[in-house]
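Work through the exercises below with the sequence and the 3D view side by side. Try each task before you read its solution.

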Amino acid sequence: MRVHVVSDVHGNAKDLARAGDGADALVCLGDLVLFLDYADHSRGIFPDLFGTANADRIVELRTARRFEEAREFSRSLWEGVDRQAATVAAVRKQYAELFAAFPAPTYATYGNVDMPTLWPEYAGPGTASPGTRVLDGERVEIGGLVFGFVGGGLRTPMNTPFEISDEEYAAKVEALGEVDVLCSHIPPEVPDLVYDTVARRFERGSRALLDAIRTTRPRYALFGHVHQPLAARMRVGATECVNVGHFASTGRPWVLEW
């Protein structure tokens with residue numbers, strides 16, 4: 001059995017269309033949407049709406065952790081613009097292309113920048129991606145192994161679209177029970193796994209995921225979210241914890257075979 005795993009697609013539909021080649025299934029751990037490319041400030045919803053110079057400024061403020069200034073600057077740009085309508089229209093455009101690129105079967109969960117309320121329009125029977133199954137706080141058997149999925153992120157000063165409370169997140173983790181492969185968008189709360197060496201900050205990881213790894217001992221814990229991690233792979237007890245990579249920049253899926 002061969003499964004390809006991707007995360008942090010961030011608009012890379014071209015490589016996504018090939019990500020399942022040679023695999024029995026594709027697993028996607030979220031962040032399909034590209035709001036702003038921190039490597040190329042001309043790409044994404046934000047520069048499309050407000051230009052590259054303003055994207056340069058917002059990245060500068062966020063990288064310096066001047067989050068309140070970044071929020072005030074963003075508010076000033078959105079004045080006079082229907083933020084909800086503009087954002088949803090831009091996300092819909094990206095989702096139409098990205099979901100059409102998924103092979104069948106694909107098992108997917110949400111990232112923190114995704115908009116879950118829109119996914120039923122693009123994934124499942126009667127949509128452009130009928131072979132895509134969305135799971136969040138749910139399990140599925142693939143080739144004899146049980147995969148558990150937990151979508152979204154935890155609350156941060158960045159205030160991305162799908163951030164939830166620690167309690168709500170922990171409840172989804174608990175609902176999975178014992179699984180062979182624990183799939184999430186964010187990592188377990190381990191310093192080496194949550195530190196981004198380029199952004200030079202600790203991203204939010206989940207204590208609930210870490211506790212589940214220690215108590216239920218899955219074979220693998222797979223995740224993304226941290227684009228340039230200090231450690232991309234490490235063992236926690238019996239579990240191999242793997243950051244499956246920033247697919248937007250690498251274009252390569254991580255391969256799991258058994």
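**Exercise 1. Find which residue stands opposite Ala-221 in strand 14.**

Solution. Ala-221 faces Cys-241 of strand 14. Now look at the two strands: strand 12 and strand 14 (residues 239–243) are joined in the parallel sense by 4 bridges. Strands here are DSSP E runs of at least two residues, helices are H or I runs of at least four, and both are numbered from the N terminus. Two strands pair if DSSP finds at least two bridges between them.

A note on the source. This is a predicted model, in which local features need pLDDT of at least 70, side-chain atom pairs count only at pLDDT 80 or more, and totals for chains, interfaces and linings use all residues. Residues are numbered from 1 along each chain as its sequence is written, and side-chain values use heavy atoms, with hydrogens and water left out.

**Exercise 2. State how strand 9 and strand 12 run, and how many bridges join them.**

Solution. Strand 9 and strand 12 run parallel. They share 3 bridges. As a check, find Val-181: Tyr-220 of strand 12 stands opposite.

**Exercise 3. Describe the link between strand 5 and strand 6.**

Solution. Start with direction: strand 5 and strand 6 run antiparallel, with 5 bridges. Next, pick out a facing pair: Ile-142 is opposite Leu-145 of strand 6. Last, the turn: the two strands form a hairpin with 2 residues between them. Gly-143 lies in this turn and has a positive phi of about 60°.

**Exercise 4. Sort residues of helix 6 into buried and exposed.**

Solution. Buried means under 20% relative accessible area, exposed over 50%, and partly exposed in between (1.4 Å probe, protein chains only). In helix 6 (residues 166–176), the buried residues are Tyr-169, Lys-172, Val-173 and Leu-176. They lie on the same side of helix 6 because they cover an arc of only 100° around the axis, taken from the directions from the helix axis to the C-beta atoms. An α-helix has 3.6 residues a turn, so residues three or four places apart point the same way. Glu-167, Glu-174 and Ala-175 are exposed on the other side. After helix 6 comes Gly-177, with a positive phi near 70°.

**Exercise 5. Name the elements that the buried residues of helix 6 pack against.**

Solution. Among the partners are strand 5 (138–142), strand 6 (145–150), strand 9 (181–184) and helix 8 (207–216).

Terms used. Contact = heavy atoms within 4.5 Å.
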